[in-house]
Amino acid sequence: MCGIIAYLGKKSAQPTLIEGLKRLEYRGYDSAGVGLLSGGKIKVKKCSGRIIALEEILDAPNSDETIGIGHTRWATHGAPNDINAHPHLDYTGKIAVVHNGIIENYETLKIWLKNEGATFASETDTEVISNLIGYFYDRSEEKQKRDGQNKFEWAVQQALGEVSGTYGLAIVCSDFPDILIGAKKGSPLILGVGDNEYILASDASAIVEHTKQAIYLSDSEMVTISSKGFRTKTIDNVSVTKELQEIEFSLEQIELDGFEHHMLKEIFEQPKALGTCMGGRIDVKNKQIKLGGIANHLRELTRTKRLILTACGTAFHASLVGEFLFEQLARIPTETEYASEFRYRSPIIEDGTVVIAISQSGETADTLAAVEEAKERGATVLGIVNVVGSSIARATDSGIYLHAGPEIGVASTKAFTAQVAVLTMLAIELGRRKNLNSSDAGACIKELSQIPEKISRILKQSDNIKKIAAANIDRDNWLFLGRGFNYPVALEGALKLKEISYIHAEGLPAAEMKHGPIALISDGMPAVFIATAGPQYDKIIGNIEEVRARGGKIIVVATEGDENIKKHADHLIAIPDAPELLQPMLTVIPLQLLAYHAAVLRGHDVDKPRNLAKSVTVE
């Protein structure tokens, strides 16, 4: 979750570190700090709060300080204060570390290190790493050098051999002012390779302004960087050859481009993002879907007797839509599992089971753990991710990229619609190969191709949705209710409102409301119903009336031209007509805008909601 960055080059490191931290701040914003090699020592500046607070305590950039590390934190071990902020020095003051991840055996290591004379200043697990490296470094001898290693590299390798857990690390040593070391296990780490400069970061967004050439470290790998170049190896000292890859997005794509917030920009990017996601994959004329990323597994998918979709958060809600799609279009029994629970409950993986893991970042720790569990139990595992080269993309047998462009807003929006679009395309293709006739498949493909334009029409109602939000933001409890394909959308709408406006909201299948939650209804309580045209329309009208009879305020998302619904609604948002199985990509848009406007009107920082961060890389 935390953002890490390091720089080694010819120019002053500090401006590049600060600029990179600002681009990484969506990964965590509890505290921030930098460490610069300066005059044979490591100069550390850090504080609680956001990057702007760090800038206020920094010295002016020094052209002699050309190597440094930086960090923006999402707190796990220890409160978000000045002392617990990164970087962390070892007890000798020679080693400095920034860290993303969790060290699971830190308590045992901490006790042992204290017995060996190490001292600790913070409550963090990260300080165990710096002290462990310092311990081995302090005891290294010339005879321990091997294969061209220096004692700094050797100490890092020895320390990481003792550590259990996850880490993305950037490490410097005051005795080696021309060396920067990075290491990865379970947390992302990318090395940008520029013109006589190197940038190590947890996210390509901190690199792309300087270079588009990068290498992606794999688990249990480390990189040693100097002005002469870099070399990669395992932490067991086995050389590894890495190929340079091109970062797929541009700097312009991660800028605000005139929008007040990244979240609003990404909501409005959805027509374009879906167009890119589906471009080259749907052939309306020939009634075909082309998914090259999983072409080698399509026959296996067609024959499978059981699908398991696993994900967290917003991606879990997209997976629920996928479950309905696969069962209706392809007639494949499908289950949706919380990735955070999957590996802890001894899941049943039968012969021929296919597991599909879904994650925007491709780095979600719980989902990655589910992938490893499924692979160990013999399943074919596919991935649906947005970030090229991410851990899940590399860990799965094959997969499909969303190609939705970078998503910076902590509350996911365009990734959800792109995930649903990919699941829809896959379900149509599997259905076509199993039981869906050409005419029905062609009709689905044609309707799918029209979704981006229909989203554009919904986005024009943003001002009206803002008025609806303004009329209801004084209420601290909301319900979101839907049926069929729109039940997962109700869950997603409630999640969005909770994430950024801090309003308590509950998403439910509309029929379940009367089995207990109806007791929550009080006079004026907002209830958001998705009541679009479909087979359960009459049923959901009955559910609306049950809430109206108890004084609830009714906000309805309905199909354009539905005159009947007006008499049941206090507030109405109309969306273009579409088949029920494609409606989630439309019905979610008003709920995203409703949450966004509610949060802004309540005065919250939409892109940096409290206690949250993008890309959950810790369990």
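At the start of helix 5 in this predicted model, a side-chain oxygen of Asn150 comes to within 3.0 Å of the backbone nitrogen of Phe152. Helix 5 spans residues 151-160 and is mostly covered, with eight of its ten residues buried. Phe152 is itself one of the buried residues, and the others are Glu153, Trp154, Ala155, Val156, Gln157, Ala159 and Leu160.

Five strands in the order 19-18-20-21-22 make up an open sheet with parallel pairing. Strand 19 (334-338) and strand 22 (398-401) are its edge strands, each pairing on one side only. From one strand to the next, the twist averages 20°. Four bridges hold strand 21 (residues 380-385) to strand 22 in the parallel sense, and within this pair Leu382 stands opposite Ser398 of strand 22. Two helices pack on this sheet. Helix 11 (residues 365-376) touches strand 18 (307-311), strand 20 (354-359) and strand 21, and its direction makes about 165° with that of strand 20. Helix 13 (residues 414-434) touches strand 20, strand 21 and strand 22, with its direction at about 155° to that of strand 20.

Another open sheet of five strands has the order 24-23-25-26-27, and the pairing is parallel here too. Strand 24 (504-509) and strand 27 (571-575) each have a single partner strand, so one side of each is left without a neighbour in the sheet. Neighbouring strands are turned by 15° against each other on average, direction ignored. Strand 25 (residues 526-531) runs parallel to strand 26 (residues 553-559), and six bridges join them. Ala531 stands opposite Ala558 in strand 26. Helix 16 (residues 462-470) lies across strand 26 and strand 27, running at about 155° to strand 27.

**Cysteines**

How many disulfides does the model contain? The count comes to zero. For Cys2, the nearest cysteine sulfur belongs to Cys47 and is 15 Å away, whereas a disulfide requires sulfur atoms within 2.5 Å. Cys2 is buried, because its relative accessible area of 7% is under the 20% limit. Cys277 is likewise in no disulfide, the nearest cysteine sulfur being that of Cys444 at 16 Å. Cys277 has 0% relative accessibility and so counts as buried.

**Backbone details in loops**

A cis peptide bond joins His86 and Pro87, with omega at about 5°. Pro87 lies in the loop between strand 4 (67-73) and strand 5 (88-89). Two residues that are not glycines, Asn237 and Lys287, have a positive phi. Their values and positions are set out below.

| Residue | Phi | Loop | Relative accessible area |
|---|---|---|---|
| Asn237 | about 75° | between strand 13 and strand 14 (239-240) | 12% |
| Lys287 | about 55° | between strand 16 (282-283) and strand 17 (288-289) | 35% |

Is each of these residues buried or partly exposed? Asn237 is buried, because its relative accessible area of 12% is under 20%. Lys287 is partly exposed, because its 35% falls between the limits of 20% and 50%.

Methods. Residues are numbered from 1 along each chain as its sequence is written. This is a predicted model: local features need pLDDT of at least 70, side-chain atom pairs count only at pLDDT 80 or more; totals for chains, interfaces and linings use all residues. Side-chain values use heavy atoms; hydrogens and water are left out. Two strands pair if DSSP finds at least two bridges between them. Axes are lines fitted to C-alpha atoms, for helices over the stretch in contact, and angles run from 0 to 180 degrees between N-to-C directions. Contact means heavy atoms within 4.5 Å. Buried means under 20% relative accessible area, exposed over 50%, partly exposed in between (1.4 Å probe, protein chains only). A polar contact is a pair of N or O atoms within 3.5 Å; within protein, one must be able to donate a hydrogen and the other to accept it, and residues adjacent in sequence count only if both atoms are side-chain atoms.
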